[in-house]
Amino acid sequence: MNQLDALKQFTTVVADTGDFKQLDAFKPQDATTNPSLILKAVQKADYAPLVKDTVNQFRGRPMDEIVDRLLVRFGCEILSIIPGRVSTEVDARLSFDTNATVARGERLIELYQAQGIHSDRVLIKVASTWEGIKAAEQLERKGIRTNLTLLFAFCQAVACGQAKVQLISPFVGRIYDWYKKSAGAAWVEADNALANDPGVKSVAQIYNYYKKFGIKTEVMGASFRNVGQITALAGCDLLTISPDLLAILAATDAPLTQALNADTAKDLALEHVSYDEASFRLALNNDAMATEKLAEGIRAFCVDAVKLEQLLLAA
């Protein structure tokens, strides 16, 4: 059994790509997209007809609507291949606007429903700012399931659990990147690998906390830099993995064992915590890594959103 098949025994495997033509090879349950992945996909020649058709069909409409229709077009193509859910992201420029995020999430679901896709097969992806978490809380009350992304801090995960969001995506690789850069020449890779990887430790902490206190929100590790980070989180509810790393797992026959276990987590001596807006903002502010990576991630997605709009204008 290869490592990909072995991983699927413990964890729901999700493909982290907008390139739906790659999905068949790995048979993932779900798929996630984000502005950067969609931007990468639409620049491939294979997708030029899809882009041009969408733009021509809705030319003259507001650009934000055309973008959403393109995202949904990609999402529908993905859902025709996978059995599970697709995550579609709200414009990152709305990360600090609760009402606008709710409105955009509702529109994305309406566009999917107009294509015959049930809302249960879609997760609306929202940045894990305080405003984003509050928007997700409203969406969940309306029966719209959410995926809270750009999650780097424990306080973000706790607030998401309080909001009863469907799923969170803690970013393993970007946490690893920050600590490696911060350590500089003092970084020893072997000492910070597998279970000792700072990104892996962050997700394990969140997973154990959720299982200890019966929090139903699903934990989906994301943003991996190497296979070791993935295998060290075997047993996590879900892991969203790039096609490149899926291919490595599929080509590797080394043994893979379960690393995270819900039953074991229930026996851990953990303290229950909660956050209101003030304590959330203070906790996030006090976590330099999370503050920097959240801001950096939002900026990067905003840049790619603009680039995507420019491509559509030129189509």
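A helix axis here is a line fitted to the C-alpha atoms over the stretch in contact. With that in hand, I opened the model, which is a predicted one.

**Entry 1: two helices crossing.** I looked up helix H5 (residues 98-114) and helix H6 (residues 130-141), and found that their axes come within 8 Å and cross at roughly 45 degrees. H5 and H6 are therefore oblique to each other. I also checked the hand of the crossing of H5 and H6, and it is right-handed.

**Entry 2: who touches whom.** On the H5 side I noted Thr98, Thr101, Val102, Gly105 and Glu106; they meet Glu131, Lys134, Ala135, Gln138 and Leu139 of H6. I sorted the residues of this contact and got 3 nonpolar, 4 polar and 3 charged.

**Entry 3: the length of H5.** I wanted to see if H5 has the span a helix should. At 1.5 Å a residue, its 17 residues should span 24 Å, and the end C-alpha atoms lie 25 Å apart, so that agrees.

**Entry 4: the buried side of H5.** Which residues of H5 are buried? I listed Thr98, Thr101, Val102, Arg104, Gly105, Leu108, Ile109, Leu111 and Tyr112. Then I looked for what covers these buried residues of H5: the cover includes helix H4 (63-79), strand S3 (86-89), strand S4 (122-127) and H6. A reminder to myself: an α-helix has 3.6 residues a turn, so residues three or four places apart point the same way.

**Entry 5: Arg141.** I found Arg141 in helix H6. Is it buried or exposed? Arg141 has 65% relative accessibility, and the cut-off for exposed is over 50%, so Arg141 counts as exposed. Last, I checked Arg141 against Ala159: they are 18 residues apart in sequence and 16 Å apart in space, C-alpha to C-alpha.

Technical notes: Residues numbered from 1 in each chain as written. Predicted model: local features only at pLDDT ≥ 70, side-chain atom pairs only at ≥ 80, totals over all residues. Heavy atoms only, no water. Axes fitted to C-alpha atoms, helices over the stretch in contact; angles between N-to-C directions. Helix = DSSP H or I, 4+ residues; strand = E, 2+ residues; numbered from the N terminus. Parallel < 35°, antiparallel > 145°, perpendicular 65-115°, else oblique. Left-handed = near helix turned anticlockwise from the far one by under 90°. Contact = heavy atoms within 4.5 Å. Nonpolar A, V, L, I, M, F, W, Y, C, P; charged D, E, K, R; others polar. Expected span 1.5 Å × (residues − 1). Buried < 20%, exposed > 50% of the residue type's maximum accessible area, 1.4 Å probe, protein only.
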